[in-house]
Amino acid sequence: MKEKKEKKKIEFEKYTLKEKLLISCLTGFTVSFVLILFGSIDIYSNNIKEFAFTFKDIALPLFLLFIGVAVLISAVLMLFQRIWLNILSSIPISIIISSYVCNFLLSKPMIVSGDATEMSNTEYYIMIVTYVVIIFGTMYLSIFITKKWKSLITFLCVLLIGMNGASLVSDFIKNDLIHDNDISCEYVLSKKGMNEVSEKENIIYILFDRFDNEYIDAVNKEEPGFFDDLEGFTYFDSAVSEHTRTFPAGASMITGNHYTGQMSAEDFLNTTYSESDFLNDLKNNGYSINIYAHRYYIYSDAKALLDTADNVEEITSYTANTKLILKYLTNLSSARLIRPYLAQLMYASANAGITSKFSTFECEDGVFIDDDAWLSDYYNENSLTANNTEKNYTFLYFHGSHAPYILDSNGDLSESATEVSQTIGSFKTIKQYLDYLKDIGVYDNSTIIITGDHGNPHEETQPLHEIVDNGVTTAIFVKPRNAHNKTLVTSSAEVSINDLVPTIVKDAGIKTDKDYGESVFDISENEHRTRVFYQSVYDLNKHRLGLNKYEIVGDAHDINNWNYVEQIKTEYAWY
């Protein structure tokens, strides 16, 4: 009887204490450096004007967090020997490498605006395969070239530190972070007069973000006739916006000026209000002007509106919430390393990080912020009052139908909110506002507009006509002065958001030397007009931004009526 051969056991030599320290500390330092220090500073540096805090607010806490995380990772790795140390050190390093390879393969920026994701199934599978192959491949190497792993991990760590370190130095030099001591905003739009209107003449202009007609249809399906009680209003169901994003749409709606990418967003926002013929005509006609809108997308620094809006106030102080800022920046940094995670977190950059969640601005009457739940509470507690001003213009921004969805149909915070519940909940606050106008007897003599700054933007890396079956329409509701219809009237006239300033000028009887154009009520349903639309788009081939220009003639719902004209190039950053 033959004896069974004994199985050979694979034995690994143990690392010396010096070798363990090298691998553990180098891995811990690299991961913390890339994730915490470089990632956070790079995000802040490249979006510095978006944030309402300075580098000095976070420098010391960020450095201490970087050291703490590096020590923690190193200490955990020191608990393991040879094969397990190799495997555990390979995982975080391979994730960082995967992110670089994945970005190169997909060659596509993650453009997000609060939506879950804009990745196609193919892109998603490429990403998953990339991460799996690199992570498991590196783990395999760490086991089967065990004698050379120390050299390989050292090389990879030094390479990653060198690459990201060079970028970090560039960030410091480019934006002079050492002397970054001032926030990029001196004045803000305050809450002053939010519950006041004129006892005589009013223009009320309400922006309901991303108010696509598809949301109107969804609301009517869930609550039939929800909009029917809008007394005096006409609903234009074939209307279009001019742009696909709140910038530049919001500022263009307020000023009547147009943006075609020929200057930076900051320059446009800092000049368009003072150069607005419409706002100047309102002032010259005796109107007080109050603009309630959030910072960044609507204005950069409200100093640009000092001579225009009556609710501009100087910032008296601000307090940075360092803990929340660090959590936010490190979340975004980790999101850049794991692409599916990115879209879920990036929306904070458009709301929480940019307005006042991470730093509390103080001004005399409080800063207006983008928060429909707060607006609902405010108008539940504060009805409108009529002051003795002759004429009043109020522009009021609602988050509206824009993701993320956080409101139920009553306007309260809810974890199970949907685009429909949020649209209903936010719009109920508008209805309450309209009821207040009626209660104080100024509804009939008010020009009231409710519209979106844009519809559903869809994918923003490809021409619109190549990816959608229907045109992108934006809801427009208009109530002229002394309208007689008791319920909502619908019109399919070929109108645009650009027709709303002329509508206000004509309906309010603004005296002006300028010909603003036709009112929406001058446009027949049988009249064909050319409407211009600009799709914000990222040109993947040339890695630059642009605006796809369309001309629309006919029913805007029919994509065949959207004629692609050209792509206007711009060198300016995505906003």
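This report walks through some helices, salt bridges and strands in a predicted model.

Start with helix H3, which covers residues 82-106. Its 25 residues reach 35 Å from the first C-alpha to the last, close to the 36 Å expected at 1.5 Å a residue.

Helix H2, residues 55-77, is where you'll find Phe 63. This Phe 63 has a relative accessible area of 42%, so it counts as partly exposed. Phe 63 also belongs to a nonpolar surface patch of about 480 Å², together with Leu 60, Leu 64, Ile 67 and Val 71.

## Salt bridges across the chain

Side chains of opposite charge can pair when their charged atoms come close. Searching the whole structure turns up 12 salt bridges. One of them is between Glu 186 and Lys 303, at 3.6 Å from N to O. Glu 186 sits in the loop between helix H5 (146-175) and strand E1 (187-189), while Lys 303 is in the loop between strand E5 (287-292) and strand E6 (312-314), so this pair ties together parts that are 117 residues apart in sequence. How accessible are the two partners? Glu 186 is partly exposed at 42% relative accessibility, and Lys 303 is partly exposed too, at 44%.

Next up is Asp 229 with Lys 431, whose closest N and O atoms are 3.1 Å apart. Here the link is between distant parts of the chain, 202 residues apart: Asp 229 is in the loop between helix H6 (213-222) and strand E4 (234-236), and Lys 431 is in helix H13 (residues 419-439). Is Lys 431 buried or exposed? With a relative accessible area of 15%, Lys 431 is buried, because the cut-off for buried is under 20%. Asp 229, on the other hand, is partly exposed at 46%.

Glu 518 counts as partly exposed, with 33% relative accessibility. Arg 529 is buried, with a relative accessible area of 16%.

Some salt bridges share partners: Glu 231, Lys 438 and Lys 486 are joined into one network that way.

Which residues cover the two faces of strand E12 (residues 476-479)? On one side there are Ile 476 and Val 478, on the other Phe 477 and Lys 479, and all of them are buried.

E4 and E12 pair in the antiparallel sense over three bridges, with Tyr 235 standing opposite Phe 477 in E12. Strand E11 (residues 446-451) is joined to E12 by four bridges, and these two strands also run antiparallel. What is the bridge partner of Ile 450 in E12? That partner is Phe 477.

Terms used: Residues numbered from 1 in each chain as written. Predicted model: local features only at pLDDT ≥ 70, side-chain atom pairs only at ≥ 80, totals over all residues. Heavy atoms only, no water. Expected span 1.5 Å × (residues − 1). Patch = residues over 30% accessible without salt bridge, like charges linked within 9 Å, V, L, I, M, F, W, Y side chains within 5 Å. Areas by Shrake-Rupley, 256 points an atom, 1.4 Å probe, with all protein chains shown as cover. Salt bridge = Lys/Arg side-chain N within 4 Å of Asp/Glu carboxyl O. Buried < 20%, exposed > 50% of the residue type's maximum accessible area, 1.4 Å probe, protein only. Pairing = 2+ DSSP bridges.
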